[in-house]
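Have the viewer ready and follow along.

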Amino acid sequence: MANRIDPRRRRLLQGTAAALTVLGAGRLAESMGLFHKDEGEPDKGRFPPPGRVPSKDTELTPQMFGAAGDGEHDDTAALQAWADAICGRGADVPVAARIDGRYKTSATITFSARKNAPQLTLRSACDIRPTPAVTGDCLVFDGLNFMTQVGHLRVTCSGRPAYGTRATRHGVVIVAARSTWDVLDVGYARLDGIRIQDGSSLTSIKKALVHYCGSSPLPPIGYSLDFDSRSDAGSNGNPGQTSTLHIASGDIDQLIPDESFLTYGTPPRAHQVAAVDAKARTVTVKPWLPIGVDSGTVGVVCGAGVRLTGGNASKCQLDLVDAMGVGIGIHQSALYPATVTNLVAQSCGIGYLIGTIGRASLGGVLSSSYYEGNVLDLVCATLAGNCSHAIGEYVSLDFGKVVQISAKNKAVPQQIDSAPLNAGVKLWIDDLGGYVSVINPYLNDKRFNNAPTIDLNIPDNYHRLFYWDTRHITVIGTGANGAPTGAVTLKAPEGQRINGGGNSQQFAGPFSRSPSFACVLRGNDWTVTKIE
């Protein structure tokens with residue numbers, strides 16, 4: 001009695017089974033309104049049938065194009081067909097799409113809509129897993145100006161933390177796309193986890209989770225090169241100065257000029273890769289390595305958790321970037337950088353990198369950041385005079401791991417970063433008293449000078465427009481714990497006062513360690529507090 005089926009229900013089930021048998025999945029989908037048939041196209045009964053595309057009000061899924069989504073079958077063709085269908089809807093057409101599951105791929109999946117970008121809403125709870133056959137990019141979103149991603153989109157590239165095991169170049173590449181992303185989660189890319197490039201201004205990412213993308217000298221990656229000779233070009237204090245290293249052992253094929261860096265020394269310093277000659281086994285870096293170092297080992301930092309590059313990343317917004325074990329946590333190398341609200345950088349080669357040598361970096365904000373276990377925490381590669389960047393609250397920032405890359409002078413072998421010789425300060429401007437802060441574009445990072453005179457001048461137009469009126473100055477000398485052995489003199493412009501006196505004040509020491517000076521300008525009065 002319990003298994004008896006109502007005759008009317010039995011007939012309904014039998015009719016449905018017959019429909020599936022006779023019509024096939026494709027015909028049934030059409031009869032339900034999921035697909036429409038283009039005129040003149042043959043019907044072969046597949047799902048979806050050739051010549052048929054989902055109706056405009058249907059949420060597109062990869063399964064509609066034959067994807068298994070089980071992580072076992074190769075879904076490359078189905079995913080590309082799905083991407084083509086999304087991008088083929090036409091300019092400004094609202095499109096809903098969803099991707100759930102795990103997908104194995106063997107080639108790059110490209111969403112190309114530069115000329116006809118739809119208004120795409122992509123809902124995701126997925127993991128894309130490129131095989132070692134994908135040596136280029138995993139996912140490319142090109143020209144999707146009106147795209148909104150909702151949910152969690154993960155890319156797990158093949159390989160493990162050991163750099164030599166990884167094959168896929170970049171995880172997610174966003175090109176010329178003003179898009180909004182909920183969660184992007186990328187791991188094990190050979191270079192960049194997330195790459196935003198070529199006019200992708202106004203792109204916003206709420207949460208970027210990146211791990212083991214790119215390389216650093218730290219274990220378990222431990223990527224380094226041994227060099228057995230070096231030659232120098234350029235002159236003292238010239239930003240164009242270079243050192244060319246002959247590499248005796250190590251893989252140089254992954255080095256990208258302007259994007260890769262070598263680290264050397266204790267404390268470590270950063271040198272930007274300018275050129276690579278694989279045949280001659282040479283790597284050229286800017287600026288000079290420390291004078292007198294003709295052989296040794298350099299650490300390799302290449303790839304980034306998030307890289308912003310090209311002309312314009314202005315008004316890009318990164319709400320939270322969690323970077324673990326990547327080459328560079330965030331590399332702001334666009335002419336107009338992004339705004340970063342929160343950064344956590346742990347076990348990275350460089351936690352946060354501003355600019356590249358030879359290019360300006362105008363604007364950009366890092367509101368709050370945390371650093372732990374990095375080779376270098378914060379590096380400014382853009383030369384003084386071409387950089388402005390707001391730096392806010394930070395936790396565990398080690399000033400010994402904060403570097404302004406600048407030209408060197410052979411007359412002072414122990415000098416690490418810089419010239420001219422009449423000042424020895426590392427100048428980073430922090431958020432003091434809740435006011436806006438910047439890396440001052442007119443003062444270099446100059447180290448190992450024992451009696452510097454520091455000019456506190458802030459040009460009126462910068463003060464008026466950007467309220468640049470706070471500074472945190474750290475002086476590093478050659479004494480114990482980095483203490484300068486002479487006096488430190490701060491000098492303000494005529495008409496301004498320091499601590500209620502004249503426009504100059506000398507701090508004679510003795511100093512027990514490298515001192516810092518918190519400097520706040522209110523009207524024409526500087527309040528300077530020594531922190532030691």
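This is a predicted model: local features need pLDDT of at least 70, side-chain atom pairs count only at pLDDT 80 or more; totals for chains, interfaces and linings use all residues.

## Ground rules

Residues are numbered from 1 along each chain as its sequence is written, and side-chain values use heavy atoms, with hydrogens and water left out.

## The chain as a whole

Three helices and 35 strands make up the secondary structure count for the protein chain. Both are DSSP runs numbered from the N terminus, with helices being H or I of at least four residues and strands being E of at least two. Of its 532 residues, 52% count as buried. Buried means under 20% relative accessible area, exposed means over 50%, and partly exposed is in between, using a 1.4 Å probe and protein chains only.

Take the contacts in the chain with a separation of 6 or more: residues 24 or more positions apart account for 67% of them. A contact here means heavy atoms within 4.5 Å. The protein chain exposes about 21,600 Å², and carbon and sulfur atoms supply 51% of that. The areas come from the Shrake-Rupley method with a 1.4 Å probe, and for residues only the protein chains shown count as cover.

Most residues other than glycine have a negative phi, and most peptide bonds are trans. Two cis bonds are worth a look. One runs from K286 to P287, with omega near -15°; P287 sits in the loop between β17 (282-286) and β18 (296-301). Another runs from G509 to P510, with omega near 0°, and P510 is in the loop between β33 (504-507) and β34 (516-522).

D258 has phi near 75° and belongs to the loop between β14 (242-249) and β15 (261-264). With a relative accessible area of 23%, D258 is partly exposed. N499 has phi near 50° and lies in the loop between β32 (497-498) and β33. N499 is also partly exposed, at 37% relative accessible area.

T131 is in the loop between β6 (119-130) and β7 (137-142). Is T131 buried or exposed? It is buried, because its relative accessible area is 17%, under the 20% cut-off. Leaving aside neighbours within four places in sequence, T131 is in contact with K104, T105, S106, S158 and T168.

S249 is in strand β14 and counts as partly exposed, at 31% relative accessibility. With neighbours within four places set aside, S249 is in contact with L225, D226 and R281. Its side chain makes a polar contact with the side chain of D226, at 2.9 Å. A polar contact is a pair of N or O atoms within 3.5 Å; within protein, one must be able to donate a hydrogen and the other to accept it, and residues adjacent in sequence count only if both atoms are side-chain atoms. The C-alpha atoms of S249 and S224 are 8.9 Å apart, while the two residues are 25 residues apart along the chain.

## Aromatic rings

How many aromatic pairs does a search of the whole structure find? It finds five. Rings of Phe, Tyr and Trp (its six-membered ring) pair if their centres lie within 6.5 Å; planes under 30 degrees apart count as stacked, over 60 as edge-to-face and the rest as tilted. F111 and F141 form a stacked pair, 4.6 Å centre to centre with 10° between the planes. This pair links distant parts of the chain: F111 is in strand β5 (residues 109-112) and F141 in strand β7, 30 residues apart. F111 is buried at 2% relative accessibility, and F141 is buried at 1%.

Y163 and Y223 are also stacked, at 5.0 Å centre to centre and 25° between the planes. Y163 lies in the loop between β8 (148-156) and β9 (170-175) and Y223 in the loop between β12 (204-211) and β13 (224-233), so the pair ties together parts 60 residues apart in sequence. Y163 counts as buried, at 8% relative accessibility, and so does Y223, at 8%. W82, F111, F141 and W181 form one aromatic cluster.
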